[in-house]
Amino acid sequence: MNDPTTLKIKGSKDELTTIDGIEPQDENKDRQFVTALARGLEVLRCFKPRDRHLGNQDIAERTGLPKPTVSRLTYTLTRMGYLYHDEKLGKYQLGTGVLSLGFSLLTNMDVLKIARPLMQELADYSHTVVSVGTRDRSAMIYLDGRHSTAATVSLKREPGVRVPIASTSMGRALLCGLPEIEREKLMEDIRLREPENWPKNKAGIEQALRDYKERGFCLSIGDWRSDVNAVGVPMLPIAGCRLLTFNCAAPSFVLRRHMLEDDIGPRLVNLVRTIEAEAARY
């Protein structure tokens, strides 16, 4: 099944399908939308953390764009430094131009500057990893993570890693923090994408909403991975930043449910409230 967040070809005309709630637009109706730019960005988005090289054919399959169009886009992006062409392989990898954009984003987020020492303190206390992320289309993307310096077993959560929304504490925290209309729309999108998993996902999300209302945090107890337990808390938009979510996660034998409910969850709530108070001063 093709990913509905990519560019697809319908008939003789290229059309952009829904991305993060943006509906396809006819060019006559939305003259501000630059289709060529959107296609170029879709090419860059094809590269996932585990992809070292991709060829034009790989990119064409992932985007749904014609191969001649992909060839022109990769040539242009290479000339601009956003892609690097390996002549021996005849394939592409992300260039330093992409790295500079991501680095600028992370270094200019005041919230992350405030959050990092607090995250490290909680990670060391709980012998876990404390992370922050946000929504990226139909998934959550990690922006930063602080690992316990004393933990013998730790989960690696590097910037750029993507995880599901419905089954993770980070994703459920996002749903808890969204306005009701946006949350319902995203839940419907999740249902349509994974109809076979919807009954389980729906039950987990509804429990997360109840937990958040009662205690200020939500849980994922082996729901995403059977060997991982986690707690999540949303931080509402503040200081010019979009909605972020923080979570604390560890292998289930390290982080038991009662520890999350009685200790780590309340501490994570306090961490987020502290960050909000500090960020409000900027």
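In this predicted model, helix 1 (residues 35-45) packs against helix 3 (residues 67-79). The axes of helix 1 and helix 3 are 10 Å apart and meet at an angle of about 80 degrees. Angles of 65 to 115 degrees count as roughly perpendicular, and helix 1 and helix 3 are therefore roughly perpendicular to each other. Helix 1 contributes Ala-36, Arg-39, Gly-40, Val-43 and Leu-44 to the contact. Helix 3 contributes Thr-69, Leu-73, Thr-74 and Leu-77.

Helix 6 (residues 169-177) and helix 7 (residues 180-193) have axes 8 Å apart, at an angle of about 140 degrees. That angle makes helix 6 oblique to helix 7. On helix 6, the contact is made by Leu-174, Leu-175 and Cys-176. On helix 7, it is made by Arg-183, Leu-186 and Met-187. The residues of the contact of helix 6 with helix 7 comprise 5 nonpolar, no polar and 1 charged.

Helix 6 also holds Arg-172. This residue has a relative accessibility of 4%. Residues under 20% count as buried, so Arg-172 is buried. Neighbours within four places in sequence are left aside in its contact list.

An open sheet of 6 strands has the order 7-6-5-10-9-8, with antiparallel pairing. Strand 7 and strand 8 (218-221) stand at the edges. Each has a single partner strand, so one side of each is left without a neighbour in the sheet. Strand 8 pairs with strand 9 (residues 228-235) over 4 bridges, in the antiparallel sense. Within strand 9, Val-231 is the bridge partner of Leu-219. Helix 5 packs on the sheet and touches strand 5 (129-136), strand 6, strand 9 and strand 10 (244-251). The direction of helix 5 makes about 65 degrees with that of strand 6. Helix 9 (residues 257-279) packs on the sheet too, touching strand 5, strand 8, strand 9 and strand 10. The direction of helix 9 makes about 25 degrees with that of strand 9.

Val-111 lies in helix 5 (residues 110-126). With a relative accessible area of 2%, Val-111 is buried. Val-111 and Ala-279 are 168 residues apart along the chain, yet their C-alpha atoms are separated by 6.1 Å. Ala-150 is found in the loop between strand 6 (139-147) and strand 7 (162-163). Its relative accessible area is 47%, and Ala-150 is therefore partly exposed. From C-alpha to C-alpha, Ala-150 and Ser-126 are 9.6 Å apart in space. In sequence, Ala-150 and Ser-126 are 24 residues apart.

Overall figures for the chain complete the description. The protein chain has 9 helices and 10 strands. Of its 282 residues, 42% are buried. Among contacts between residues at least 6 apart in sequence, 56% join residues at least 24 apart. The accessible surface of the chain comes to about 15,400 Å². Carbon and sulfur atoms account for 52% of that surface.

Key
Residues are numbered from 1 along each chain as its sequence is written. This is a predicted model: local features need pLDDT of at least 70, side-chain atom pairs count only at pLDDT 80 or more; totals for chains, interfaces and linings use all residues. Side-chain values use heavy atoms; hydrogens and water are left out. Axes are lines fitted to C-alpha atoms, for helices over the stretch in contact, and angles run from 0 to 180 degrees between N-to-C directions. Helices (H or I, at least four residues) and strands (E, at least two) are DSSP runs, numbered from the N terminus. Angles under 35 degrees count as roughly parallel, over 145 as roughly antiparallel, 65 to 115 as roughly perpendicular and the rest as oblique. Contact means heavy atoms within 4.5 Å. Ala, Val, Leu, Ile, Met, Phe, Trp, Tyr, Cys and Pro count as nonpolar, Asp, Glu, Lys and Arg as charged, and the others, Gly among them, as polar. Buried means under 20% relative accessible area, exposed over 50%, partly exposed in between (1.4 Å probe, protein chains only). Accessible areas come from the Shrake-Rupley method with a 1.4 Å probe; for residues, only the protein chains shown count as cover. Two strands pair if DSSP finds at least two bridges between them.
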